[in-house]
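Notebook open. I want to look through this one piece by piece and jot down what turns up.

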Amino acid sequence: MSTFDIIVILSAFCGVLMVVGGIILLYKGIIKLSGTSQNEALSLEFKKEFRVSTQYPALGIFLIGLIFVVVAMIISKPQIPSPIEFRGTLENIKRDASLSVEASHWNLRAASDGKINGKITPCLDILWVEVTAPGYEPAIKSIRKDEIQNGIANLGNLNLKQIVSKVESLEKNIKKLPTGYNVPPLTDSGSFGGVK
Amino acid sequence: MKTIRLKIPLIIAVLLFSLTLFSNLVLAENYTVQGLIVKAPNNTPIPGLTVSLIHSALGRSVPATTDQFGRYVFYNIPARQEPYYMEIYWGKQLVYRDEIIVNGPTSIPTIIL
């Protein structure tokens, strides 16, 4: 947990404390929700541009507490990167093509004692798009962040070079699975192992 | 004496359990599986093929794609006594399947399709 996280939690805690404390004080009658005179009104002013005043000072405690809670919630909300849509046309392939997208590559050096202690800041400034299709030479294209307009990365027209013709599915090349062998479909994202 | 008699099977059970746990931990090591796929008769590397490992207990691996040299690499494949099946797909069409054993870093002999 970082210092920032602790501050956010403390802020939210302060907010809740003020709201709950306010309710307790109201319950005990120490503060009242009855209106006060104009002179006793609680007012908040920010650089003479923003001014809030209330004749119900007790509400101020709730308001400030609520601001603490809301600010803590806004700050701690995880930032989800906006999705990027890829568009383009494959000129000579009509099926079986696929895209893999990678962000930059980061190198970290291990210390002389063999310990690894490095830090990277992931960024999506450049994306590397690899278009592959069976039998075709892969096409690699880079897309810079400023080339992405309204969340759309335009790959344009892609022309992949064919290297080998289609391989036929021959029975002799396919070993039969034992009876009752449960095979998840190829569309399954995979439950073990990893690839680059 | 009765207490000792009762304890012996318990000790044996604990020892057997520990042994099973240890053997599973040893077998749970992960290895790299790699290979090359070419097309007959000129042994031209085939790029863009989808290669996947399947296992009766583990399910299907994350699929690999052959690069421009026809190479594929799987990382973190658990060593298992039971065989894996390696499947090669041309798009969605299955073109090859065979058994492989993973009990260490594995280089599959070149597959000629």
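I read chain B from the N terminus and its elements run α-β-β-β-β-β-β-β-β-β-β. That gives one helix and ten strands, where helices (H or I, at least four residues) and strands (E, at least two) are DSSP runs numbered from the N terminus. I also looked up burial: 41% of the 113 residues in chain B are buried. Buried here is under 20% relative accessible area, exposed is over 50%, and partly exposed lies in between, with a 1.4 Å probe and protein chains only.

Ground rules, before I forget. This is a predicted model, with local features needing pLDDT of at least 70 and side-chain atom pairs counted only at pLDDT 80 or more, while totals for chains, interfaces and linings use all residues. Residues are numbered from 1 along each chain as its sequence is written, chains are lettered from A and ligands numbered from 1 in the order in which they are written, and side-chain values use heavy atoms, leaving out hydrogens and water.

**Salt bridges**

How many salt bridges does the structure hold over all chains? I get ten, a salt bridge being a side-chain nitrogen of Lys or Arg within 4 Å of a carboxyl oxygen of Asp or Glu.

I went to B:Arg60 and B:Glu87, whose closest N and O atoms are 3.1 Å apart in a salt bridge. The pair links distant parts of the chain, with B:Arg60 in strand β4 (residues 59–60) of chain B and B:Glu87 in strand β7 (residues 84–90) of chain B, 27 residues apart. Buried or exposed, B:Arg60 and B:Glu87? Both are buried.

Next I checked A:Arg87 and A:Glu85, which form a salt bridge at 2.8 Å, N to O. A:Arg87 is partly exposed at 43% relative accessible area, and A:Glu85 is partly exposed at 39%.

B:Arg80 and B:Glu82 also form a salt bridge, their closest N and O atoms being 4.0 Å apart. I noted B:Arg80 as partly exposed, at 29%, and B:Glu82 as partly exposed, at 32%. Back in chain A, salt bridges with shared partners join A:Arg144, A:Asp146 and A:Glu147 into one network.

**A sheet in chain A**

I traced an open sheet of three strands in chain A, in the order β4-β5-β6, with antiparallel pairing; strands pair if DSSP finds at least two bridges between them.

**Largest pocket**

Last, I looked at the largest pocket, with a volume of about 860 Å³. A pocket is an open set of points on a 1 Å grid over the protein atoms alone, where a 1.4 Å probe fits, with protein on both sides within 12 Å along at least five of seven lines; lining residues have an atom within 4 Å of a point. The volume is the space filled by probe spheres set on the points. Of the 27 lining residues, the closest to the centre are A:Ser100, A:Glu102, A:Glu130, A:Lys196 and B:Asp67. β4(A) gives the largest share of the lining, five residues.
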